[in-house]
Amino acid sequence: MSAAGRIEVSCALCGSDASTPHLERDGFQVVRCAGCGLRYVKSRLDEGSLEAEYNDQKASPTPYYLETAPEDRRTFLDRLARLERHRAPGDLLDLGCGPGTMLAAAAERGWRPVGVDLNRTSVQHAVDQGLEAHAGLFPHPALEARAFDAVTMNDFIEHVPDPIGILRQVHDVLRPGGLAFLTTPDAGSLVARLTGSSWLHLKPREHLNYFDRGDVRRLAEASGLEVVWLGAMGRRRSLRVVRDRLQGYSRLVGAVTGALLPEGLAARTHVPINLGDEVGLIARRPEGS
């Protein structure tokens, strides 16, 4: 029987109930599907508990994303430039838009962006900046009958209970030839395998599914999308964030790094980081589909 506030689920990729234990963290068990190998949280928070986590600022907290907005903006500008190799700016939907940093970056590059996020505080911040954003789940009634040239999902798909269902909805709101762009932690990466239950992307309260590159490709193909590009995805981070994350793996390394980096310099200096433990995908809705 499930504990209060939790539900038991099957594999989101193949539907199998059979699984073996993989990793455990914070009282949650991550398992591997015996049918297809997907890593996922089998006994997880139910929908109401998840929504409360976001709106109580326990999951994806707004203050964190406001603090990292300067380096996130540069990351998103880089990612949009990659997307624009395959599609000129047009109408863009950003799922998991947070406080609107991606929306602002997209507008800066000539896109017409709109966002959706479950976190009402984050959405209100985006709206206060003059951006179009809607609080709630996707598909959202405010977007009914609208179509898009691109749908972006930065660190979004690992949060949703039904990733194939979401990507099929993404397929349907894209114009023919439109592009889906997503990034997600790569559970098959060397960093993930070496760090195990200490992996910084292992957050089983909010990260429900853990994909490797093969899983991401299967997600796209099961949703009717054609893979255009699949590969390691980096981001920009301040040296302060790098230092703090190193402390998550080793207090000694973090302490040494902190001693060598004055706080002001660490906060101001932004560097590109690519540990190979995040995967990016660009996929196209085929013409005529």
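Modeller: Let us begin with Met153, which, leaving out residues up to four places away in sequence, touches Asp94, Leu95, Leu167, Val170, Ala180, Phe181, Leu182 and Thr183. Please keep in mind that this is a predicted model.

Colleague: What makes Met153 stand out in the largest nonpolar core?

Modeller: That core has 36 residues, and Met153 is among those with the most contacts inside it, together with Leu38, Leu93, Leu95, Val151, Ile157 and Val170. At least two residues each come from β3, β6, β7, β9, α6, β10, α8 and β15, and α6 gives the most, with five residues. As a general background, nonpolar side chains tend to be buried together in soluble globular proteins.

Colleague: Why is Asn154 called buried?

Modeller: Asn154 has a relative accessible area of 10%, and the label applies under 20%, so Asn154 counts as buried. Asn154 lies in strand β9, which covers residues 148-154. Apart from neighbours within four places in sequence, Asn154 is in contact with Phe76, Arg79, Asp94, Leu95, Met102, Phe181 and Thr183.

Colleague: How do you know that the side chains of Asn154 and Arg79 make a polar contact?

Modeller: The distance between the two side chains is 2.7 Å, and the cut-off for a pair of N or O atoms is 3.5 Å, so the pair qualifies as a polar contact.

Colleague: Why are Tyr64 and Tyr65 described as partly exposed?

Modeller: Buried would require under 20% and exposed over 50%; Tyr64 is at 27% relative accessibility and Tyr65 has a relative accessible area of 30%, so both fall in between.

Colleague: What makes the pair of Trp199 and Tyr210 tilted?

Modeller: The planes of Trp199 and Tyr210 are 55 degrees apart, with 6.4 Å centre to centre. Because stacked means under 30 degrees and edge-to-face over 60, the value of 55 degrees leaves tilted as the label. Trp199 belongs to the loop between α7 and β11 and Tyr210 to strand β11, eleven residues apart, and the pair links distant parts of the chain. Trp199 and Tyr210 are both buried.

Colleague: How do you know that Arg6 and Arg82 lie over ring faces?

Modeller: Arg6 is at 3.8 Å from the ring centre of Phe28, and Arg82 is at 4.1 Å from that of Trp229. The distance limit is 6 Å, and the position must also be within 35 degrees of the ring normal; each of the two arginines is listed as lying over the face of its ring.

Colleague: Finally, why are β13 and β14 said to pair?

Modeller: Pairing needs at least two bridges, and β13 and β14 have four, in the antiparallel sense, so the label holds. Arg237 stands opposite Val271 in β14. Both faces of β13 are covered, with Arg235 and Arg237 buried on one side and Arg236 and Ser238 buried on the other.

Notes:
Residues numbered from 1 in each chain as written. Predicted model: local features only at pLDDT ≥ 70, side-chain atom pairs only at ≥ 80, totals over all residues. Heavy atoms only, no water. Buried < 20%, exposed > 50% of the residue type's maximum accessible area, 1.4 Å probe, protein only. Phe/Tyr/Trp six-rings, centres within 6.5 Å; stacked < 30°, edge-to-face > 60°. Polar contact = N/O pair within 3.5 Å; in protein donor to acceptor, adjacent residues only side chain to side chain. Contact = heavy atoms within 4.5 Å. Core = buried A, V, L, I, M, F, W, Y, C linked by side-chain atoms within 4.5 Å.
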